[in-house]
Amino acid sequence: PAVPTGSAEDIVRETLGQGSSVSNQPEGGDQASQASLQALQAFQSGDIGECLSHLKTAVAQRPTLPSPNVILAGFHLRAGDRREARRLLEQEARKSTRHPQLYLSLAKLALAENRLTDAEVHFDKLESLEIPASWTDAQSMWLKTSVVEGRANLAEQRDQWKAAAALFSQMHQMQPQNVNWQLRMARALFHAEEFDQAYEQLDIAFRRDPNIGPPELSMAVLHTRAKQYDDAEQWYRKILDRLPNDARVKSSYIMSLLYQNRGQKAKEQAQQLQSQHGSSAMLELQLGIASRQLGELNDAKTHLLKALELSPGSDEAQYQLILTLAAMDDPQAHQQAVERAKAFVVAYPDSALALSALGAAQHADKNFPEAEAALKKAAASPLVRPEALFILGKVYQAQDKQDEATRLAKILAPRLDEPQVFVLRKPARDWVESLTK
């Protein structure tokens, strides 16, 4: 069964609709908390009947809660099952008595599905509702903050960065202990090109929580994600001049170089970091990717196997290793890639990354129908990488499906410069240009 993201305590607090501690619950709150927790556990084990039974107990203990179906829809929504969440919410919306949390859940669902106008309508409805007299001050504040947070998320998705910054500032005033709002405000200010203000907020946040990292590093990362690599380089230079041996800063810089396919520079920086701090799973992964970018496939294989030895659960290292094996001029390596990729998909049957790896391995092994099936399934995911789309295009061409290849090239074209590791970026660009010129 799907598992809702977040800690059980956070999920239950959200279910209770106030975010306060159990010790500060209104009458019946403690019992409702326990019943909600039991409902969550039943949901995670796949027993929906038992889950609903516990939710009915929670609502009986605390009548100000929404209906069991609304709470259950929230579990499904947090688990990523939007279809079932929508069914439950639509069923609940047919009733004459509607709890405010119903509209909040509908708004969250609309945001998740990128139905931004629908989300705005639900937030407008929430703000127009009269707060039930039986609600505590904590519940009223919870609803108010939920609406502000939702509108901030909405502004982000619309790229309305100044509005988003103002709303996150409001959230920061409501919950000053939560540094996350300050970070999101800084990000919004950055995208609004208010760079000095963004830096100021990042600096304040860093002083409150040093685990965030220095503001110069955050600015470098933001510029990297915005594909403003020259500006990112300047910020990395500033922080590296001040902290030349900081492993976190150097590792971030290496990733920025890999995003730009600057494999040689990334390799040099990684080797320098390795000499200072020794090996790590992340460093071996970075060395593996850099070697793959340079075409040094045997070195890439060695580093990626080491990364998996240090961190056996690294999906990224597994993916990079499979594509490295697939790129080798060696049928035995291709078979190893297929075997690894099949095991990867068994472990994660719906993972776009695992399916992409399987498609790449099958393509190298010249099993084009199976490669196409795996890559098309990966391409249906919003998480599919442009590298997988390029390989799918090559699979189409190998089967003389030129129309499909050309159509895919047009889809891939706007994704060629996305800020991520994309080892095959140059051949992908050449391929797209050959089909779309």
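A residue counts as buried when its relative accessible area is under 20%. Keep that cut-off in mind as you explore this predicted model.

**The whole chain**
- The protein chain has 24 helices and zero strands.
- Along the principal axes, its C-alpha atoms fill a box of roughly 70 × 50 × 45 Å.
- Take the contacts between residues at least 6 apart in sequence: 52% of them join residues at least 24 apart.

**A closer look at helix α22**
- Helix α22 runs over residues 386-398, and its end C-alpha atoms are 19 Å apart, which agrees with the 18 Å that its 13 residues should span at 1.5 Å a residue.
- Because 10 of its 13 residues are buried, α22 is largely enclosed by the rest of the structure.
- The buried residues of α22 are Pro386, Glu387, Ala388, Leu389, Phe390, Ile391, Leu392, Gly393, Val395 and Tyr396.
- What covers them includes α16 (281-293), α18 (315-327), α20 (352-364), α21 (368-379), α23 (402-412) and α24 (425-436).
- Just after α22, aspartate 400 takes a positive phi of about 60 degrees.

**The second largest pocket**
- This pocket holds about 460 Å³ of space.
- Its lining consists of Gly80, Arg82, Asp350, Ser351, Ala352, Leu355, Lys377, Ala380, Ser381, Pro382 and Leu383.
- Sorted by class, the lining has five nonpolar, three polar and three charged residues.

Terms used: Residues are numbered from 1 along each chain as its sequence is written. This is a predicted model: local features need pLDDT of at least 70, side-chain atom pairs count only at pLDDT 80 or more; totals for chains, interfaces and linings use all residues. Side-chain values use heavy atoms; hydrogens and water are left out. On a 1 Å grid over the protein atoms alone, a cavity is a set of points where a 1.4 Å probe fits but cannot get out, and a pocket is an open set with protein on both sides within 12 Å along at least five of seven lines; lining residues have an atom within 4 Å of a point. Grid points are joined across faces, edges and corners, and a volume is the space filled by probe spheres set on the points. Ala, Val, Leu, Ile, Met, Phe, Trp, Tyr, Cys and Pro count as nonpolar, Asp, Glu, Lys and Arg as charged, and the others, Gly among them, as polar. Helices (H or I, at least four residues) and strands (E, at least two) are DSSP runs, numbered from the N terminus. Contact means heavy atoms within 4.5 Å. The expected span of a helix is 1.5 Å times one less than its number of residues. Buried means under 20% relative accessible area, exposed over 50%, partly exposed in between (1.4 Å probe, protein chains only).
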